[in-house]
Amino acid sequence: MNVVTANNNKQLMMAAGVADAENPRPCIVEEDDEDLSQRANWLRAAVLGANDGLVSTASLMLGVGAVKADARAMVVSGFAGLLAGACSMAIGEFVSVCSQRDVELAQLHRDGKDDKEEKLPSPVQAAAASALAFSVGALVPLLAAGFIRDYSLRVAVVIALATATLAAFGCVGAVLGRAPVARSCARVVIGGWAAMGVTFGLMRLFKATGI
């Protein structure tokens, strides 16, 4: 009777996620930790993709705007940058995840764990997520510049909105990585300013020199 009662208590403890001497780390806790880690990694990758889309598209639009003040030229260049960047991100992510998947599949086959193949990342999903994240970030400067005709105001709005969005990305990245928020925001914003400033300045130089 005592043996039956002890077994029942042990099963209840394992179902509740409570560790005992023989099971210091229940499977339920490990699976939950693994799921949370995977979600955090996906969210972090999405933030980085959106950040890339924002910085590259805003820099491209400001670079074109430094040479030509026409709003249409800035918007068209930004849209072209969105399409090219999203395709590039998707293809790069697809190739990268396929390579990673091949290595992990080979390891599972060697270990005789073919039943875990379903848990491997999907290259198609990763490619779609990267393209979507890049596009979301690239839409920020496009929407900011698309409805403003005045050149100076259009450039100022693109820079201001890009700065605010970069700060938000920095906050999200800091929370996910458990890093200091102020330092992370400053790093992301300063990096974005540097990319936009260098692109704008060099294109201004090309215009001034007549190249």
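Helix H3 crosses helix H4 in a right-handed manner (right-handed if the near helix is turned clockwise from the far one by less than a right angle, left-handed if anticlockwise). The model is predicted: local features need pLDDT of at least 70 and side-chain atom pairs pLDDT 80 or more, while totals for chains, interfaces and linings use all residues. Residues are numbered from 1 along each chain as its sequence is written, and side-chain values use heavy atoms, without hydrogens and water.

H3 spans residues 71-111 and H4 residues 123-145. Their axes lie 8 Å apart, at an angle of about 160° (axes are lines fitted to C-alpha atoms over the stretch in contact, and angles run from 0 to 180 degrees between N-to-C directions). H3 is therefore roughly antiparallel to H4 (angles over 145 degrees). The contact comprises 19 nonpolar, five polar and two charged residues (Ala, Val, Leu, Ile, Met, Phe, Trp, Tyr, Cys and Pro count as nonpolar, Asp, Glu, Lys and Arg as charged, the others, Gly among them, as polar).

The chain contains six helices and zero strands (DSSP runs of H or I, at least four residues, and of E, at least two, numbered from the N terminus). Of its 211 residues, 29% are buried (under 20% relative accessible area, 1.4 Å probe, protein chains only).

Asn 51 lies in helix H2, residues 27-67. Asn 51 counts as buried because its relative accessibility is 17%. Beyond neighbours within four places in sequence, Asn 51 contacts Leu 166, Phe 169 and Val 188 (heavy atoms within 4.5 Å).

Definitions and conventions:
Buried means under 20% relative accessible area, exposed over 50%, partly exposed in between (1.4 Å probe, protein chains only). Angles under 35 degrees count as roughly parallel, over 145 as roughly antiparallel, 65 to 115 as roughly perpendicular and the rest as oblique.
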